[in-house]
Amino acid sequence: MKYIEPASLPEALEILSADDEARCLAGGATLVAMLNADLVEPSTLIGLRRIDELAGISVSGDHIRIGATTTHAQIAGDDRLTGNAAVVRDAARQIAHSAIRNMGTIGGAVCHADPNADFPGALVAANAVLEAAGQSGRRQIPADEFFLDYLETSLEEDEILSAVMVPVEPVGARGRHLKFSRTHGDYATISISLVLAINSGACSHARVAVGSAGPAPVHLAEVDALLTGSDLSGETIKQAGQKLMEAADPVDDVRGSAEYRRMIIPGLLQRAVDELR
Amino acid sequence: MSTNMAENQQINPIIGASVPRIEGPEKATGRAVYTDDITRPGMLHAALLGSHYPHARILSIDTSRAKALPGVKAVLTGADLPLNYIGMFIKDQLPLARDKVCYSGEPVAAVAAVDLATARQALRLIEMEYEELEPVTDVEEALEPDAPVIHEKRDEYPTMYELPEEPNAICFTEFMEGDPNTAWDKCDAIVEDEYLVPAQYHMYMEPSSTVAEVDGSGKVTLWSSTQGVARSQMYTALALGLPMSKVRVIAPRIGGGFGGKCEFTNQPITALLAQATGRPVKLTFSREDDMTMMKRRHGGKIYMKTGAKKDGTLVARDCRIILDGGAYADESPEVSPVAAFFSQGPYRIPNMRVEAWSVYTNLSRASAFRGFGNPQATFASESQLDDLADQLGMDPLELRLNNALEQDDKFFCGKTIEKATMRACLEKVRDASGWAAKRSGGRPAAPGKKRGIGMAGMSHISGLAGAGANVLLNEDGSVTLNCGAVDIGQGSDTIFTQIVAGALALDMDQVNFAAPDTDSSPYQFQTSASRNTYTIGRAVKKASDDVRDQIYRHAGEILECDTNDLELRQGGVVGVKGVPDAALPFIAIAGRALWQEGGPIMGTHNWLYTPQDRMDPKRMLLRGFALMPDGIGIFTFGAQVAEVEVDEVTGQVEVLEYWAAHDVGKAINKTSVEGQIEGGIVQMLGYALTEEMLWDNGRMINPTMMDYKIPGMADAPYKIHSLLIEEAEESAPFGAKGVGEICAVGPAPAIANAIKNAVGARVAQIPATPERVLTAMQSADDAD
């Protein structure tokens, strides 16, 4: 296995497109574990850490740009991530343990597309857009269309995720990633990512995604619509929770049965709303 | 001699002091040397191939491709090894499976190669052909007449006890006192239930690891992560067909054991690979290998029925315990009798019958694990007492106080209680926790949560087996202690150093603790049975007293005084009482002994823990028990209280605060005792709430730290109050008893009882996962 550390994104893309078996390495929180477990055997590892444009967080106009190699700890510690983006920061704060948050990156986590991870749901709730760089240019993929299936994204094999763009709008929104797990630091048994804006008692914006509830975050436009414009009464939230529960398709595993996971979604949604209200 | 005088002296203040761990700095700075840190010239690296199937006949093994891989030096299978069965009470196991496999993960082949990657690659080139057999994974199904037989040759194995008829039974024990058949008529309230307990993995930080080397004479030396060098020596010699004089075992620093590194782990196979290759071999398991190949706590089922009078007096109990021993017996023939013995708990129950089974299943083998059968039995009995209290409308703590064993009572099976401190433990934990106010609904819970408080009482032992110690006076007046005891992380090196320092009025750095090594250490059973401080400590204390007496003899001759007039002064000085100027440093005594008169000064003590009395066959029915629990140790008592919050949406339980009152006799090192108690509670928080090895049709589905969750720092209660009761035990060094296991006996029932107090639902299966708690809450709601 070869290890290459290109200095620029175009150079990295060139190596990636020349070799089907090459894999990009950012923090290694997931890929190194998979290498150790003999689950992947790449021919080449392309280290991304020297590529400056992939690193760090910047605010520009209507969005916050989070470079793909930004660590979870950097995201968790950045107080510019407020409003709509707070849901992403709240998710970063709860990923695994501090040692992993210091190593792992948002790009690595997002491209791994583990539906039990924290970022996928949070990015969907934040209506984030993922920027994919290819040799022919860059394209923007809404989070909803990025996470396709278990460990599967809409990123092409010769593309590198360059950044996650989180909209600043709506102003005055609040975000919460409510994570329920067996122990602190475990993957979620169920997570609720929620962004709400409330103006004089009524909900003016709502976007909710459920993690660990299927092969990709569960997000229903009709649920967002049901909540938006409502007074977020218990009855409304129960209806919303019911719809999410019906749409959820979780697995039975060591973290809980599918039936149990479905069952607790409405109650956790209510809790997330209460915490934001 | 002067022994009595000296023992009447005030105890040296080092005894009871929270002295820092002697090995603390090297561990904190990463300089501690564990087995895997050891490298020998020309050393090879080994890996084992585990069986894919839980129950299968091995039809063929083709190792030719593995052997042909460059860098591979040896590939062994069961057929290559001598047919030397090993085991503690029944010799039913070989280092590598031969003819058939009995659990998924059972080692079937071993490779030694120039590096670990090559060894692991070679494993993938071994071709196995199996004939699958139906696996037995349920303890009750294992006992059914038509169950597949796991050990067809069971009755041919060398066995130290009487085997039951049922072919999958490892052992059967029955104890009976009073007249449990008619006593039920006298009961006003009866509770009956079925309890399920999980297989818990030891999760020591350091996976099993051994380095083996054979010298020119054929003598095998092992460095190994073990709980007892003499045990590893014995099993390795047996497996290799060598006399023990040809096997040497050294224990470097050990990263935890909890019972999992008792008896043997991977020492025999590593030694066999070293023999086969003629080169040093290291075998360190990955976490997954350790979880699938090594040992665990016995899971199982417990049926229990308890009856009491209106006033809360316990009258009768019937109990049936079926423990899952896994594929090989290991310590099972002791574990289920101990579970039976402690099923009465620290209470008077005049009419009692208990039967306990260990059975073979096609799951990994169960072994010793902190508490040794007691946590399983106590989960059932302490859960049941709370349900009984609820039925009687009594406070559960009062119910326990009413029935607590007192000094004149006998323990179950007629055993004498050395110090009856159960009442003191209950009262202490009641007062410290603010029990009455909290139990009556004291503090409000966080939104969406319900708060509750629960408790458990428990008893255990401290003792067991033979111990020796040598204390050598060095030429400069410092001393070296050699007792062969392995500190598995619990702190016994420091405790023994304190005992020597305390007995001889030395400073800590004047005492050298010699690392355990079978070539030089006196016999030491192993680190188990809460025995180090009590059993080994006693040998250490008496060996130190022996040195003191020899020093006094010399000093009396030099100072021309009666030895009764002598005293020890801090820092290695002997002097005449009341005469400050009449003093001799130990260096002077050592010099005289070495060069002038008497010869080297070395104190020695060897003893075997022997119970005051045996189980009383006139008092009760005894059937089918092995060595234990007839003579396992002196009794210890404790009581614990847990305060929890239960999430109404998810059923998740958070333990907020914990109180643990323990009779420790005397704390040699207060911080260390508190550390033991806190560690036991947090470990068993996992047993109570999250830890459970899971198998799907015999194949383990969670053999990783990602899927099998132990509690971390953030999951521990914000405060654990360790409440020490110090009533000196006469037979103990400075009065000290072991607390390593008893602290782990109470948490599961205390937490389950707190859950019931919070939400009104009994969780009779642990771990009390959120899903199980929520289900219990829903059934309780449905019942209302």
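How do the axes of helix 15 and helix 16 of chain B cross, and within what distance do they come? I began my notes there.

**Ground rules.** I am working with a predicted model, in which local features need pLDDT of at least 70, side-chain atom pairs count only at pLDDT 80 or more, and totals for chains, interfaces and linings use all residues. Residues are numbered from 1 along each chain as its sequence is written, while chains are lettered from A and ligands numbered from 1 in the order in which they are written.

**Entry 1: helices 15 and 16, chain B.** I found that the axes of helix 15 (residues 492-504) and helix 16 (residues 532-559) of chain B come within 9 Å and cross at roughly 30°. Helix 15 of chain B is therefore roughly parallel to helix 16 of chain B. A note on terms: axes are lines fitted to C-alpha atoms, for helices over the stretch in contact, and angles run from 0 to 180 degrees between N-to-C directions. Helices (H or I, at least four residues) and strands (E, at least two) are DSSP runs, numbered from the N terminus. Angles under 35 degrees count as roughly parallel, over 145 as roughly antiparallel, 65 to 115 as roughly perpendicular and the rest as oblique.

I then looked up the hand: helix 15 of chain B passes helix 16 of chain B in a right-handed crossing. A crossing is right-handed if the near helix is turned clockwise from the far one by less than a right angle, and left-handed if anticlockwise. On the helix 15 side of chain B, the residues making the contact include Ile495(B), Phe496(B), Ile499(B) and Val500(B). Helix 16 of chain B contributes, among others, Ile536(B), Gly537(B), Val540(B) and Arg548(B). Here, two residues are in contact if their C-beta atoms, placed from the backbone, lie within 7 Å. The residues of this contact divide into 9 nonpolar, 5 polar and 3 charged. For these classes, Ala, Val, Leu, Ile, Met, Phe, Trp, Tyr, Cys and Pro count as nonpolar, Asp, Glu, Lys and Arg as charged, and the others, Gly among them, as polar.

**Entry 2: helices 10 and 11, chain A.** Next I turned to helix 10 (residues 234-247) and helix 11 (residues 258-276) of chain A, whose axes come within 8 Å and cross at roughly 140°. Helix 10 and helix 11 of chain A are therefore oblique to each other, and their crossing is right-handed. Among the residues that meet are Ile237(A), Leu244(A) and Met245(A) in helix 10 of chain A and Ile265(A), Leu269(A) and Val273(A) in helix 11 of chain A. The residues of this contact divide into 8 nonpolar, 3 polar and 2 charged.

**Entry 3: a sheet in chain A.** Which order do the strands take? In chain A, 5 strands form an open, antiparallel sheet in the order 4-5-10-6-7. Strand 4 (57-60) and strand 7 (137-142) of chain A stand at the edges, each with a single partner strand, so one side of each is left without a neighbour in the sheet. Neighbouring strands of this sheet are turned by 25° against each other on average, direction ignored. Two strands pair if DSSP finds at least two bridges between them; strand 5 (residues 63-67) and strand 10 (residues 160-167) of chain A have 5 and run antiparallel. I noted His63(A) opposite Pro167(A) in strand 10 of chain A. Helix 1 (residues 9-18) of chain A lies across strand 6 (129-134) and strand 10, running at about 130° to strand 10 of chain A.

**Entry 4: a sheet in chain B.** I also found an open sheet of 4 strands in chain B, with the order 18-27-28-31 and mixed pairing. Strand 18 (449-462) and strand 31 (719-725) of chain B are its edge strands, each pairing on one side only. Strand 18 and strand 27 (residues 634-647) of chain B pair in the antiparallel sense over 14 bridges, and Lys450(B) stands opposite Val646(B) in strand 27 of chain B.

Entry 5: The peptide bond from Glu169(A) to Pro170(A) is cis, with omega near -10°; Pro170(A) lies in the loop between strand 10 and strand 11 (174-181) of chain A. I logged another cis bond from Ile766(B) to Pro767(B), with omega near -5°. Leu151(A) is not a glycine, yet has a positive phi of about 55°.
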